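Let's take a friendly walk through this structure, beginning with a few helices and ending at a ligand.

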Amino acid sequence: MSGLLEVCGLTVELPTASGWVRPVNDVSLSIAAGESLGLVGESGSGKTMLSLALMGLLPPGTRVSGEASLATEASMKQLTALSAREWRNVRGGEIAMVFQEPMTSLNPVMRIGAQIEETIRAHQPKLSAKEVKRKAVDSLRRAAVPEPEVRAEQFPHQLSGGLRQRAMIAMALAAGPRLLIADEPTTALDVTVQKQILDLLDGLRRELQVGLLFITHDLGVVAQVAERVAVMYAGRIIEEGPARNVLERPLHPYTQGLLRASPTLKRGMLTPISGAVPQLTALPPGCAFEPRCELRRDECTLAVPGFRIVGSDHAARCILV
Ligand SMILES: Nc1ncnc2c1ncn2[C@@H]1O[C@H](COP(=O)(O)OP(=O)(O)OP(=O)(O)O)[C@@H](O)[C@H]1O
Ligand code: SF4
Ligand SMILES: [Mg+2]
């Protein structure tokens, strides 16, 4: 598989009253064309901040270092070095995003079809009005929206939550991006609709060969959509590998804890991880998970553990691996 997205040592720093914090800290990952990577972690671990960095949507005043390159038809694009003008072509055209709550990204006073047409026009300005309209309806059909011509004429509030999320997916894929970032796209939906949306994303990824970065705190969801899994904790990736290995034979005590606490994967008694994610302003000196880790040793506080690799492609940042 060819590399589509290559992220290497990506760090995002934000100014706070107590100094700079790193919600994304030395993150490396890669996604091939048509591949799905699940990014998991508790609230505040930096998942959204990472995706905003990949979309060029970080808040002003943010410092970014490291590399994130995307393979496009013409060349490798260095995302951390794009100008505002270049971002307008990449965002939507090469990388698109689906959010948890479609109502925050859909315009409430604009018809669904017109919103999708706007996205298509922004990236394919030479198409005729008729072609743009046809493409918009096609994209709704591809996202399994029933009666796409009728739905295209409706406003977001006239659609159910599940249909709105389908419309969002249609809009995200309308201009033919190579990478789709989905940030908790099914969290607000009930279980049956959630399953339908996950199946839809999975089918579209395979059919269109788009890379998928799927963000969630739910390991059960990740098991349904991801070929590989990266686990994030306090801004860092602490485990990465094929989904089966990570979910069935996790290496890192944090991942093991997440699995024991997962209502969708674990049968029987659930044991939540005690303690809370550390504040970014007060990270422990060594392993960030050390204060909560039942297996901690003195040396865990000395330095941030580097990745240790098991087999060919499963790695974790823990001294016990
Ligand atoms: N504008 C900001 N200024 C300072 N810190 C921020 C800002 N926005 C977010 N953070 C911090 O960055 C960290 C990462 O936040 P992020 O939203 O990426 O987490 P997340 O993993 O997406 O969580 P969730 O699962 O709740 O969506 C958090 O500690 C958060 O408090
Ligand atoms: S490095 Fe130490 S504290 Fe961190 S997860 Fe491993 S055993 Fe636990
Ligand atoms: Mg988030």
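Helices α4 and α7 are roughly parallel to each other, because angles under 35 degrees count as such. The axes of α4 (residues 112–123) and α7 (residues 161–173) cross at roughly 20 degrees and come within 8 Å. Axes here are lines fitted to C-alpha atoms over the stretch in contact, with angles from 0 to 180 degrees between N-to-C directions, and helices are DSSP runs (H or I, at least four residues) numbered from the N terminus.

This is a predicted model, in which local features need pLDDT of at least 70, side-chain atom pairs count only at pLDDT 80 or more, and totals for chains, interfaces and linings use all residues. Residues are numbered from 1 along each chain as its sequence is written, chains are lettered from A and ligands numbered from 1 in the order written, and side-chain values use heavy atoms, leaving out hydrogens and water.

Next comes helix α5 (residues 129–142), whose axis lies 9 Å from that of α4 at an angle of about 115 degrees. That makes α4 roughly perpendicular to α5 (65 to 115 degrees).

Finally, ligand 2 is surrounded by 13 residues (a heavy atom within 4 Å), the closest being His252, Cys287, Cys293, Cys300 and Cys318.

Definitions and conventions: Helices (H or I, at least four residues) and strands (E, at least two) are DSSP runs, numbered from the N terminus. Angles under 35 degrees count as roughly parallel, over 145 as roughly antiparallel, 65 to 115 as roughly perpendicular and the rest as oblique.
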